[in-house]
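Hi,

Here's the model I said I'd pass on.

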2 protein chains.
Amino acid sequence: MLRDLALPELLAAFSSPDPAPGGGSAAALSSAIGASLLMMVASLPKTRTSSAEDRTALEAAAGALAGIRERLTAAIDEDTAAYDGVVAAYRLSKGTSDEQAARKAAIQRALRAATDVPLEVMKQSARALEEATVVAAHGYKSASSDVGVAVAMLMAGITGANLNVEVNLEGIGDPVYRGAVEGEARDLKERVAAIAQTATDLLRVR
Amino acid sequence: MLRDLALPELLAAFSSPDPAPGGGSAAALSSAIGASLLMMVASLPKTRTSSAEDRTALEAAAGALAGIRERLTAAIDEDTAAYDGVVAAYRLSKGTSDEQAARKAAIQRALRAATDVPLEVMKQSARALEEATVVAAHGYKSASSDVGVAVAMLMAGITGANLNVEVNLEGIGDPVYRGAVEGEARDLKERVAAIAQTATDLLRVR
């Protein structure tokens, strides 16, 4: 499991000529780090105005972010497993017409799984960005740069996950599934651009 | 050392209420992962056109990226050490006027170190982005999404490191140092925006 590796081994896994782990796992990791930085700022003893309202908002955000990070961390390994599933399906025997049909169906199932994982990473990253606006509004002002880095890494996670959604979707035949995923990914991208702007604006308020 | 931690412990370190490790270390890590993905694509057995020119270009890129990643990985811990140095300087005794002068000088030295580390992360990330254009031009077409994720994570690393340069520069009195760093950071940001666009355009070429 990638999540059990120490950092040098993890980086070596990403740089090895093996295609997996690849960009999909890296995108999930980018967002998991972004969520972690937000949890840190939400847990600092100091808040923006030292008000009870700040503390209540930040505690709720920290709780939500812990769940989001858990999902993103799981997706690091899930993406690699899904990629391995696609490779395995392409390697199935295609001697008889029955085998060809079975292989084709297996490839479609595997590609859907490899699309669903980065789509979930996009969704969880968008949820984390919404919490970033709470942390930016109520968190300790001196930690603004940490929130800014978190926003940048969540946006990179979303961009990266979206590239993986697109590349896997290319091989999927079912137009209904394709249309649904394309629409969802487009909506998520539009929404997060607006949320990231809101968070960044809040960080600028002195 | 952060680089010796397994992933769950590393994420826990980023999310703990301790301010360090914070956004500066996360930004260096983002770029180290981006450089790793580029190394993977540069080392794949397949290249864009299977030409000797592709292989030569990719081997040179992989070599350069290995050195860049080493610097970025070192910066993950260096940024946390530099932050700890700033905290330690602020905690120095300020009873006598001699102590006050010594403390002020120590804070200035510590803030410079805490500025130099993210500035170096920006420089190394910009170098990695330049290699990304080589990998995008000569690398295996099917790995385009991995190059795209790498570019997004390097840009997040640069944005994040730049936020840390700015926040530490605020406390530095020396106008010559400030001016030099501000100019360098501005030039880097302009240059990387153009390089990232070039890489992204190359990825779109079929």
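Let me start with the interface. This is a predicted model, and across the interface of chain B and chain A there are nine residue pairs in polar contact, with both residues at pLDDT 80 or more. Which elements of chain B give two or more residues to the side that touches chain A? They are helix H1 (7-15), helix H2 (23-43), helix H3 (52-90) and helix H5 (144-169) of chain B. By residue type, that side of chain B splits into 28 nonpolar, 13 polar and seven charged residues. How many salt bridges does the rule find across the interface of chain B and chain A? The count there is zero.

As for the extent of the interface, 48 residues of chain B are in contact with 48 residues of chain A. About 3,400 Å² is buried between chain B and chain A, and carbon and sulfur atoms give 73% of that area. Three residues stand out on the B side: B:Leu7, B:Leu11 and B:Ser15 supply 17% of the area that chain B buries against chain A, more than any other three residues.

Next, the core. In soluble globular proteins, nonpolar side chains tend to be buried together. Here the largest nonpolar core has 138 residues, and the members that touch the most others are A:Ile33, A:Val135, B:Ile33, B:Leu65 and B:Val135. I followed up A:Val135 as an example. Leaving out neighbours within four places in sequence, A:Val135 is in contact with A:Leu38, A:Val41, A:Ala42, A:Leu58, A:Ala61, A:Leu65 and A:Val147.

On to salt bridges. Side chains of opposite charge can pair when their charged atoms come close. Over all chains, the whole structure holds 14 salt bridges. I picked out a few to look at:

- A:Glu70 and A:Arg3 meet through their side chains at 3.7 Å, N to O. This pair links distant parts of the chain, with A:Glu70 in helix H3 of chain A and A:Arg3 in the segment before H1 of chain A, 67 residues apart. A:Glu70 has 44% relative accessibility, so it counts as partly exposed.
- A:Asp174 and A:Arg112 form a salt bridge at 2.6 Å, N to O. A:Asp174 sits in the loop between helix H5 (144-169) and helix H6 (175-204) of chain A, while A:Arg112 belongs to helix H4 (residues 97-138) of chain A, 62 residues apart. A:Asp174 is partly exposed at a relative accessible area of 28%, and A:Arg112 is partly exposed too, at 31%.
- B:Arg71 and B:Glu120 are joined by a salt bridge of 2.5 Å, N to O. B:Arg71 is in helix H3 of chain B and B:Glu120 in helix H4 (residues 97-138) of chain B, so this pair ties together parts that are 49 residues apart in sequence. B:Arg71 is partly exposed, with a relative accessible area of 45%, and B:Glu120 counts as partly exposed at 22% relative accessibility.

Where are the cis peptide bonds? In chain A, the bond from A:Ala20 to A:Pro21 is cis, with omega near 0°, and A:Pro21 lies in the loop between helix H1 (7-15) and helix H2 (23-43) of chain A. In chain B, a cis peptide bond joins B:Ala20 and B:Pro21, with omega about 0°, and B:Pro21 is in the loop between H1 and H2 of chain B.

Then there are the serines. A:Ser50 is not a glycine, but its phi is positive, near 60°. A:Ser50 is placed in the loop between H2 and helix H3 (52-90) of chain A. Is A:Ser50 buried or exposed? With 66% relative accessibility, A:Ser50 counts as exposed. Over in chain B, B:Ser50 has a positive phi of about 60° although it isn't a glycine, and it lies in the loop between H2 and H3 of chain B. B:Ser50 counts as exposed, with a relative accessibility of 66%.

Cheers

Technical notes
Residues numbered from 1 in each chain as written. Chains lettered and ligands numbered in written order. Predicted model: local features only at pLDDT ≥ 70, side-chain atom pairs only at ≥ 80, totals over all residues. Heavy atoms only, no water. Contact = heavy atoms within 4.5 Å. Buried area = accessible area lost by both parts, 1.4 Å probe. Salt bridge = Lys/Arg side-chain N within 4 Å of Asp/Glu carboxyl O. Polar contact = N/O pair within 3.5 Å; in protein donor to acceptor, adjacent residues only side chain to side chain. Helix = DSSP H or I, 4+ residues; strand = E, 2+ residues; numbered from the N terminus. Nonpolar A, V, L, I, M, F, W, Y, C, P; charged D, E, K, R; others polar. Core = buried A, V, L, I, M, F, W, Y, C linked by side-chain atoms within 4.5 Å. Buried < 20%, exposed > 50% of the residue type's maximum accessible area, 1.4 Å probe, protein only.
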